[in-house]
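Here is my note on the two-chain model you passed along. I have kept it to numbered points so that you can check each one against the coordinates.

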Amino acid sequence: MDRFLNPMALAVFLPLLLAVAIYILEQRSWRIRNGLAVASAGISFILLATYLGDVRSGAVIVLELPNVLPPLGLSFRLDYLSMLGGLVVTGVWFLVSVYATEYMIKEHAKKRFYPFLVLTLAGAVGVMLSADLFTFFLFFELMSLSAYVLVVHEESPEAMRAGYKYLIMTIIGGLALFFSIIAVYEMSGSVAFVPGGYLTQGGLLANLAFIGFLVGFGIKAGIVPFHVWLPEAHPVAPSPASALLSGVMLKTGVIGLIRVTHQVFTIDLVRNSNWNTVMLVFASVTIVLGSAVAITEDDIKRRLAYSSIGQMGYILLGIGLLQERAMVGAIFHIFAHAVMKSALFLTAGAVIYRKGKRSVKDWGGIGREMFPTMVVFTIAALSMIGIPPLIGFVSKWELSLGALDNRGYAFVGLLLLSSLMNFVYYFPIIQNAFFGNRKHGEKALNIEAAPAMLVPMIVLACFIVFTALVPGNFALDLARKAAAQLFLYK
Amino acid sequence: MVHAPVLIVVTLLLAAFIVPLLYRKLPVAQVVFLLGIVISSIFSIRMAFLVLREGTLTYYLGGWLPPYGIEVVADAFGAYASLVLALISLPISYFVVFAPKEVNTPARYMALILLLMAAMQGMVLAGDLFNLFVFIEICSLSAIAIIAVKGTRDSIEASFRYLVLSALGSGGILFAIALIFMITGHLNMGYVRESLAVTASLYPLNILTALAFIFVGFSVKAAIFPLHVWLPEAHSNAPTASSALLSGLVVKAYLVAFIRIMYMVIGTELFVALPLRPILLILAACAMLVGSTFAIVQNNIKRMLAYSTVAQMGYIVLGLGLFSQRALEGSILHILNHAITKSLLFLAAGVIIKQTGTNRLSDLKGMGRKMPFTFAAFTVGSLSMVGIPGFAGFVSKLYLALGALDIGQIIFAALILVSSLLNATYYFPIVVNAFFGQTEATHQGSDPRKSVMAPLAVFALAVVFMGLFPSVVMPLVRQAAGLLQP
C-alpha cells in the first residue's frame with residue numbers, strides 16, 4: 001500500500017480523486033468546490049516540487065503498477081523531462097484555476113466545469129509523468145476526452161460544432177496512437193520509455209508506427225495539417241480553458257514526440273528512416289502557416305490560437321533537427337510557450353470579461369483603462385516576438401544555434417521570418433491598446449480585472465521577465481540536462 | 001464427483017417449472033425466480049474456480065459412462081462461458097423483477113427466462129451432440145418466446161421472422177449432426193473426434209457437408225454477417241430485459257457452442273487446414289463495417305444498439321479467424337466485455353424509452369440534464385463500445401489488435417481502428433446531444449427510482465472494473481484460448 005502513499009503517486013492520483021470529491025461536495029458549497037479545484041493543482045505542484053532537488057542532481061524516481069491493465073501495466077517516472085513537464089502543467093494549472101474562480105462567476109454550468117477541469121489536470125499530469133507509452137496513452141485519452149467538456153462549455157451552436165470537430169479529431173488521434181503503440185509492442189515486446197531507445201529495425205511496421213505517432217501527437221499538438229480543430233476549439237472555450245488548451249495540453253503532444261523519437265526509436269533509426277526530414281517539413285509549414293494566418297485573424301482568441309500553431313512548429317523544428325542544442329531550445333520552449341501563451345489568453349480573457357471585446361480592432365485605448373492587464377499582455381507579446389532578455393528569446397536563441405550547428409541556415413531564416421510575423425500580428429494590438437482611441441461615442445470605463453484574475457497574470461509575467469535574468473534558471477537547467485540525457489546514447 | 005456442472009442446469013430447469021405454477025402469487029414466483037438464478041450462478045462461479053484449479057471437469061449423468069451415457073464437460077472454455085452467462089444474468093434478473101412491467105404475464109416471462117438460461121448453460125456445457133441440439137432447440141424457442149411475450153404487433157412479427165430463420169438454422173445443425181453420426185456412429189463429442197481422426201479422410205465429402213451446415217446453422221443463430229438479418233428487428237422489438245439477454249448472451253452462447261464443436265468435435269487441426277479462417281475473417285470484416293454503417297443511419301435507439309451488436313459479433317469472429325493465441329484471448333474476453341457493455345446499453349435504452357416515451361434518437365437531445373444517471377450509464381457503455389482506454393471494450397480490442405499483428409495482419413489491426421471510429425460516430429453524438437447544446441429537451445422524463453437504476457450501476461461499474469483490472473478473468477481466458485490452439 002505504501003506504493004500509493006509516496007508524494008509522486010499522490011501527485012498523479014490526487015487530482016483524480018479530487019475530481020470525484022469535487023463532484024460530490026459541490027452540491028454543498030461552491031467555496032469548497034473552488035477551494036478544492038485550486039488546491040488540486042497547487043498540491044500536485046508542491047508534491048512534484050519536493051523532488052526538484054533530487055531530480056536536478058540526477059536521480060530518477062520510478063513508480064510501477066504492473067497489475068493494472070496487463071499485459072502492459074502502468075508505470076510513472078520522474079526524470080528531467082517529466083519534472084519540467086510536470087511542473088509546467090501543475091504550476092500553470094494552479095494559476096489558471098485561481099483565475100477561473102473569478103472568471104467563471106459569470107458562466108453557467110459551473111458544477112460541470114470544475115470536476116472536469118480537475119479531471120483534465122489528472123490526465124495532463126499523468127501524461128507528463130508516464131514512463132511508458134501505454135500509461136501515456138491512457139492519461140492522454142483521459143485528458144483529451146475530459147477537455148471536450150471544457151471546449152463545449154458555452155454550448156453555443158458554434159461551440160458544439162467546434163467540439164464535434166475536436167472530438168472526432170481526438171478519437172482519430174487516439175486510434176492512430178493505439179495502432180502505433182501496439183505496433184511498437186509487437187516489434188519489441190515493450191512499450192517503456194528507455195533512455196537511448198530500443199527499436200533499431202526499420203521496415204513497414206516501424207514506418208506505420210511512426211506515421212501513427214506523428215498523426216496522433218500532431219493532432220494534439222496542432223501541427224499543420226492536423227491542426228484543423230485547434231483554431232475552432234481554443235477560441236470557443238472559456239478563457240481559462242483556452243489558456244490550458246493552448247498553454248499546457250498542446251505540449252503533451254510534443255512531449256510524446258520527444259519521448260518516441262529518443263526513448264522508443266533509436267536516434268539512428270529516426271535519422272536513417274528520414275523521419276527527421278519529415279518532421280522538419282511539417283515544422284516549417286506549421287511555423288509559416290500558423291504565423292501567416294494569425295496575421296489575418298481579427299478575433300483575438302483566434303489570433304492567439306493560430307499563433308500557438310506557429311509556436312508548436314518551433315518545438316517540432318527543435319525535435320526534427322536531432323541535435324542537442326536545438327532540443328534544449330525545444331524543451332525550454334515547452335516551458336516558455338506555456339507561460340507566455342497562458343498569460344496572453346488570460347489577459348485576453350480579462351479584456352473579454354470586462355469589456356466583452358473580442359475583435360482586436362475594438363481594443364483602442366484599453367491599455368489606459370486596464371493598464372496592468374495590458375502591461376502583462378505586452379510583456380508576453382514581446383516575449384513571443386523574441387525580444388531579449390524575455391524567455392521567448394532564450395528558446396529561439398538555442399533553436400537557432402542548434403540549427404546553425406547542423407548548417408541549417410534556412411531554419412534560422414525561418415525563425416527570423418516567424419519573429420517578424422509575430423511582430424506584425426502582436427505589435428498593432430499593443431500600439432492600438434496604449435496609443436489608439438476608443439471607438440467614437442464609447443465612454444471610458446476604468447475597470448481593472450479583479451485581483452483573483454490579475455495576480456495569476458502578474459505571476460506569469462514575472463516568470464517571463466525574470467526566468468532568464470536570475471542566476472540558476474531552473475527551467476533552462478532542466479532543459480539542458482534533459483536534452484543531454486536524450487543525446488547521451490547517440 | 002463434483003455435481004456443480006449439472007446442478008447449474010438442473011436448478012434453472014427446476015425453477016422454470018415451479019415459477020409458472022405460482023402465477024397467482026407473483027411475489028413468491030419472483031422469489032423463486034431470483035433464487036433459481038442466484039443458486040445456479042453460485043454453482044457456476046464455484047465451477048469456474050474448480051476448473052481453474054483442477055482443470056477440466058467431466059460429469060456422467062446418472063453414473064452412466066459414455067459413449068451411451070450423457071456426459072457434461074466443463075473445460076476452461078465451457079466454465080468461462082457458463083460464468084459469463086451467470087454473472088450477466090444476475091443484474092438482468094434483478095431488473096426483470098424490479099423494473100416496471102413491460103409484459104402482461106410476468107410469471108410466464110420469468111419462466112421463459114429461466115428456461116432460456118438453462119438452455120444456454122446446457123449448450124455451453126453439453127458433452128454430446130444430441131444434448132447440444134436439444135438445448136439449442138430449447139434456447140431458440142425460448143429466445144423467440146421472450147420477444148413475442150411483449151405482445152405488440154411488431155414484436156410478434158419480428159419473433160416470427162426469427163422463428164423461421166432459426167428453424168432453418170436448427171435444421172441445418174441437425175442434418176450436420178446426422179451426417180457426423182452416419183460416419184462415426186457416435187454422438188459423444190470425445191468419441192466422435194477420435195473416430196473422425198480415422199474416418200475423416202475416408203468420407204471427406206460428408207465432413208465438408210456437415211461442416212458447411214454447422215457453419216451456416218450457427219451463423220444464423222449467432223447472427224454472423226450476412227445471416228444477421230433477423231437480429232435488428234428481433235432485438236429491438238423485445239422487452240428491455242429480453243433485448244439485454246438476447247444481445248448480451250444468446251448470440252454468444254451459440255457462438256460458444258460453435259467454437260466448442262470446432263475444437264471438441266472437428267478438431268482444430270482440421271479447422272486450420274480448411275479455408276475456414278479466411279471466410280471467417282472476411283465475414284467478420286463485413287460485419288464490423290456493415291453493422292456499424294447501418295447503426296449510423298438508425299434513428300431508433302434499440303435498433304442502433306442491435307446493429308452495433310452485429311458489428312461487435314464481428315470482433316469476436318475476427319479473433320476466431322485470426323486464430324493466434326492473443327487474438328483468441330481477445331475474442332474470448334470480448335464475449336464477456338461485450339455482454340456487460342451491451343446489457344448495460346440495452347437496459348439504459350429501455351429505461352430511457354420507458355421514462356421519456358420515445359425511442360427516437362433525435363428526441364433525446366438535452367435529456368441528459370433531466371436523466372443524468374441513466375445517460376451517465378449510457379455514456380460509460382458508449383465509451384466501452386468505442387474502445388476508450390480504461391473501459392472494458394478497450395481491453396478486448398487491445399488483445400485482438402495485438403493478435404492481428406502477431407500473425408502480420410496489419411490490415412485487420414487497421415480494421416479494428418476504422419471500426420472503432422465508426423462506433424464513435426454513432427455513439428458519441430447521442431451522448432453529446434444528451435448533455436450539451438442549447439436545444440431544450442422536448443420530452444418529459446427523469447431518472448427512475450433507485451431499485452431500477454441499481455442494475456445499471458452494477459453494469460457500469462463492471463465495465464470500468466473490467467477496463468482496469470482484466471487480470472481477474474485472464475487466467476481462465478488464457479486457458480480457454482489454449483484449448484483452441486492445435
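**Notes on the model**

1. Let me start with a loop in chain A: Ala109(A) sits between helix 4 (80-103) and helix 5 (110-129) of chain A. Helices here are DSSP runs of H or I with at least four residues, strands are runs of E with at least two, and both are numbered from the N terminus. Ala109(A) counts as partly exposed because it has 15 C-beta neighbours inside 10 Å. For that scale, a residue is buried if 20 or more other C-beta atoms lie within 10 Å of its own, exposed if 12 or fewer, and partly exposed in between, with C-beta atoms placed from the backbone. Ala109(A) also lies 7.9 Å from His153(A), C-alpha to C-alpha, although 44 residues separate them in sequence.

2. A word on provenance and conventions. This is a predicted model, in which local features need pLDDT of at least 70 and side-chain atom pairs count only at pLDDT 80 or more, while totals for chains, interfaces and linings use all residues. Residues are numbered from 1 along each chain as its sequence is written, and chains are lettered from A and ligands numbered from 1 in the order in which they are written.

3. Staying in chain A, have a look at the backbone of Glu155(A). Its phi is positive, about 65 degrees, although the residue is not a glycine. Glu155(A) belongs to the loop between helix 6 and helix 7 of chain A, and it counts as partly exposed because 17 C-beta neighbours fall inside 10 Å. Further along, Pro388(A) and Pro389(A) are joined by a cis peptide bond with omega of about 5 degrees. Pro389(A) is in the loop between helix 16 (371-385) and helix 17 (391-405) of chain A.

4. How many residues does each chain bring to the contact? Chain A gives 25 residues and chain B gives 23 residues, where two residues are in contact if their C-beta atoms, placed from the backbone, lie within 7 Å. On the side of chain A that touches chain B, the elements giving two or more residues are helix 6 (133-151), helix 7 (157-188) and helix 8 (204-221) of chain A. Helix 7 of chain A gives the most, with 11 residues. By class, this side of chain A has 20 nonpolar, 2 polar and 3 charged residues; Ala, Val, Leu, Ile, Met, Phe, Trp, Tyr, Cys and Pro count as nonpolar, Asp, Glu, Lys and Arg as charged, and the others, Gly among them, as polar.

5. Now the overall build of chain B, which has 20 helices and 2 strands. Its radius of gyration is 21 Å, close to the 23 Å that the globule rule gives for 486 residues, so chain B is as compact as a globular protein of that length. The radius is taken over C-alpha atoms, and the rule is 2.2 Å times the number of residues to the power 0.38. The C-alpha trace of chain B spans about 70 × 60 × 40 Å along its principal axes. Buried residues account for 61% of the 486 residues in chain B. Of the contacts in chain B between residues at least 6 apart in sequence, 81% join residues at least 24 apart.

6. The two strands of chain B deserve a quick check. Strand 1 (residues 57-60) and strand 2 of chain B pair in the antiparallel sense over 4 bridges; pairing requires that DSSP finds at least two bridges between two strands. Tyr60(B) stands opposite Glu71(B) in strand 2 of chain B. From strand 2 (residues 71-74), Glu71(B) and Val73(B) point one way and Val72(B) and Ala74(B) the other, and all are buried.

7. The loop between helix 8 (204-221) and helix 9 (231-236) of chain B holds Pro226(B), which is joined to Phe225(B) by a cis peptide bond with omega of about 0 degrees. Ala223(B) lies in the loop between helix 8 and helix 9 as well, and its phi is near 60 degrees, a positive value in a residue other than glycine. Ala223(B) is buried, with 29 other C-beta atoms within 10 Å.

8. Which residues does His235(B) touch, not counting those up to four places away in sequence? They are Ser243(B), Leu246(B), Ser247(B), Lys302(B), Ala306(B) and Thr309(B). His235(B) is found in helix 9 of chain B.
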